[in-house]
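The stops below are given in the order in which to select them.

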Amino acid sequence: MNLSLNVSISENYFWVDKMNKAFRSPLRMLIKYTIVLFLAFTSLKAQNSKGQAPQKPNVVFILVDDLGLKDLSCTGSKFYETPNVDRIANEGTVFTQGYACSAVCSPSRASIMTGKFTARHGITDWIGAKSGTEWRTEKRFSKLLPAEYVHELSKADVILPEVMKANGYKTFFAGKWHLGEKGSYPEDHGFDINKGGWEVGSPKGGYFSPWENPSLPNVKDGENLEMRLAKETSAFIEQQKDKPFFAFLSFYAVHGPIQTTEAKWKKYREKAEKNGLAKNGYVMEKDLPIRQVQDNPVYGGLVESMDDAVGEVLNTLKRLNLEENTIVIFTSDNGGVASGDAFSTSNLPLRGGKGYQWEGGIREPYFIKIPWLKKQVKQIDFPATGADFFPTLLDFANIPLLPKQHIDGVSLKPLFEGKVLKDRELYWHYPHYGNQGGQPNSTMRYKNWKLIHYWEDGHDELYELAKDPYEQTDLAAKNQKETQRLKAKLLNWLKSVNANYPVPDPEFNLELAHKKHQNNVEVLMPKLEKERLNFLRVDYQPNQNWWKSKTTKD
């Protein structure tokens with residue numbers, strides 16, 4: 001029995017296991033474990049010389065939380081410094097039109113795991129967000145009640161780590177999960193090891209020990225959370241260096257609350273001053289102020305700490321001579337936080353940011369390093385999404401694809417071989433109000449056209465991205481034929497996947513909504529401008545002794 005035949009049987013078993021558990025037999029169980037043992041034996045990795053593709057390459061998948069496309073020095077930032085992430089971009093392939101599948105975290109992460117767009121898997125908002133009539137307790141005074149949504153990964157899905165595990169990989173997860181409560185943790189979905197993943201989506205307790213995380217015990221006061229996650233990943237890699245592994249490093253950074261060390265704050269405060277401080281840092285978007293400049297020294301330090309942690313893992317691969325047979329992926333789950341939350345960064349010239357339907361909310365750093373390729377493709381312009389990672393990794397790992405599972409994703413491997421993939425429709429569905437100011441919408445992209453349909457009043461926006469990448473000119477009224485054509489495609493697709501929709505709130509009060517908006521203009525924006533300048537003061541001091549990042553020697 002050859003390896004490819006065994007893998008195919010393993011694939012078929014997974015579908016039977018998920019869909020027909022009640023009809024298991026002792027013979028089927030014997031077949032299952034025979035296959036798993038055989039795969040584990042045949043997948044033992046030999047050292048790979050450059051230019052020769054390994055049969056079972058290792059995988060390190062690095063996912064950053066809330067990192068904007070423009071938050072890296074290699075993507076154009078003149079403020080943040082990210083030499084280690086830049087290494088991945090410089091040594092690998094940059095997808096210039098890489099997208100998250102949502103403008104907020106949980107839906108985007110679920111799409112990476114399932115290979116499905118958000119309306120199809122049903123996790124359309126960050127898990128824990130209020131919906132239906134409970135939304136009124138948020139005092140947002142909005143026209144619609146947000147749609148209901150799924151609150152954990154479905155056990156019916158065969159997700160990426162489960163497939164990797166079934167095909168001889170040791171699987172490891174570190175960091176932010178936010179895809180379900182106990183019973184739907186990483187270890188319940190195919191990860192052999194879980195360091196730090198649970199239902200909470202922010203770094204509870206902060207970025208410096210002691211933090212609050214039942215899956216990541218505190219060891220040393222003042223220890224940096226991101227470096228700890230990187231060291232846990234490095235320790236796993238070293239332990240598994242002679243066997244194929246799938247390591248998923250999911251940073252809590254750069255999600256708020258933003259925190260850093262005094263030394264890093266000082267470095268970026270001085271850099272902001274040297275770059276020249278803008279008189280004003282914000283303008284009003286529709287509902288909330290939105291940041292226009294990258295000059296937050298606390299956030300700058302947090303970005304650099306994340307980059308330091310990336311360097312720890314890359315250096316481990318190099319030290320163990322694993323670079324040449326390890327795929328490295330680097331991406332983010334949504335755009336940078338320019339509005340709402342910590343108002344941390346600017347995504348300009350892209351419009352919007354986290355929670356918004358424009359490119360600043362969904363365009364991401366999207367780097368894939370395949371080190372053994374004889375001819376490196378340095379840049380690919382094909383629009384790719386988080387749903388594509390699943391089939392792409394299976395393809396490079398010589399595992400048969402599961403098109404019934406990763407139904408919205410496509411393998412990007414042909415693009416690395418100089419081939420062409422056909423154009424396809426990309427869909428986003430966010431029937432909610434973002435904490436950052438985004439409105440309930442559904443969006444699609446086909447070729448260079450991008451259509452946004454708003455659920456509050458049914459109006460549409462149309463952009464031609466090749467000519468207008470920063471979405472400054474709405475062509476919906478001028479090009480009604482294209483608008484209606486794309487809208488029909490969008491609505492038909494949503495119907496085909498049984499999407500949930502927001503509904504009008506019969507208690508909507510226009511006067512209260514107006515007062516809320518006026519408060520954002522007259523109170524919140526001046527407060528944010530004052531806070532921005534406070535971060536840049538020479539004598540700035542945070543409330544918690546630099547967030548407990550200072551340790552004593554006693």
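Start with strand S11, residues 366-369, and show its side chains. This is a predicted model. S11 is covered on both faces: Tyr366 and Ile368 are buried on one side, while Phe367 and Lys369 are buried on the other.

Select residues 93-95, which form strand S2. S2 runs antiparallel to S11 and is joined to it by 2 bridges. Within this pairing, look for valine 94, which stands opposite phenylalanine 367 of S11.

Then select residues 326-332, strand S10. S10 is also antiparallel to S11, with 4 bridges between them. Isoleucine 329 has isoleucine 368 in S11 as its bridge partner.

Now move to helix H14, residues 510-535, and pick out glutamate 529. Is glutamate 529 buried or exposed? Its relative accessibility is 14%, so glutamate 529 counts as buried, the cut-off being under 20%. Show Asn280, Gly281 and Tyr282 as well: glutamate 529 touches these residues, leaving aside those up to four places away in sequence. At tyrosine 282, the backbone nitrogen is reached by the side chain of glutamate 529 at 3.1 Å.

Finally, zoom out to the whole protein chain. It has 14 helices and 18 strands, and 59% of its 554 residues count as buried. Of the contacts between residues at least 6 apart in sequence, 71% join residues at least 24 apart. Switch to a surface view to end: the accessible surface of the protein chain is about 23,100 Å², with 53% belonging to carbon and sulfur atoms.

Technical notes. Residues numbered from 1 in each chain as written. Predicted model: local features only at pLDDT ≥ 70, side-chain atom pairs only at ≥ 80, totals over all residues. Heavy atoms only, no water. Buried < 20%, exposed > 50% of the residue type's maximum accessible area, 1.4 Å probe, protein only. Polar contact = N/O pair within 3.5 Å; in protein donor to acceptor, adjacent residues only side chain to side chain. Contact = heavy atoms within 4.5 Å. Areas by Shrake-Rupley, 256 points an atom, 1.4 Å probe, with all protein chains shown as cover. Pairing = 2+ DSSP bridges.
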